[in-house]
Amino acid sequence: MIKEKIINNIKTIRESKNFTEEYIAGQMGISQSTYNRKENGLTDFSLTELIQLGDALEVSPSRFIDLDLEKIINNPQFYDTAISNGNSGVIEHYTNNSNDEGYKTAIAQCQAEIGFLRAQVEKLTDALAGK
């Protein structure tokens, strides 16, 4: 199930940027048919390939596992706000209440937690990549 979500997100991001499979494959240094097999789940992406894919798609590889990808694709302002604040989960809910100190505190706490979790993911990614 997670694999399918990641593959779906990769394809959604690629299509939203109007990038062809051939273009992305070229950026990654693989054939279009090899890329097609990976994007269709017939062959797995390696960790290195996911990093290359992020570069080719001009996004952080962490975007591939986003749960709210549709919001990010369909609302660029949501994406920019979420990324600048380090959070894609609570920003939309609190946008209209940004003057309330309680909301600001909750957002700050969420941002701190997300920053910590992202650092942990980066450490694990580096460990898996052998860095």
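Helices (DSSP runs of H or I, at least four residues) and strands (runs of E, at least two) are numbered from the N terminus. Colour the protein chain by secondary structure: reading from the N terminus, you pass α-α-α-α-α-α-α-α, which comes to eight helices and zero strands.

Before you click further, know that this is a predicted model, where local features need pLDDT of at least 70, side-chain atom pairs count only at pLDDT 80 or more, and totals for chains, interfaces and linings use all residues. Residues are numbered from 1 along each chain as its sequence is written, and side-chain values use heavy atoms, leaving out hydrogens and water.

Now for the salt bridges (a side-chain nitrogen of Lys or Arg within 4 Å of a carboxyl oxygen of Asp or Glu). The structure holds six of them.

Select E39 and R14 to see one, with the closest N and O atoms 2.8 Å apart. E39 sits in helix 3 (residues 32-39) and R14 in helix 1 (residues 2-16), 25 residues apart. Are these two buried or exposed? Both E39 and R14 are buried, meaning under 20% relative accessible area, while exposed is over 50% and partly exposed lies in between (1.4 Å probe, protein chains only).

Next, select K38 and E49, whose side chains meet in a salt bridge at 2.9 Å, N to O. K38 is in helix 3 and E49 in helix 4, 11 residues apart. These two are buried as well.

Finally, select E58 and K17, a salt bridge with its closest N and O atoms 3.9 Å apart. Here E58 counts as exposed at 54% relative accessibility, whereas K17 is partly exposed at 29%.
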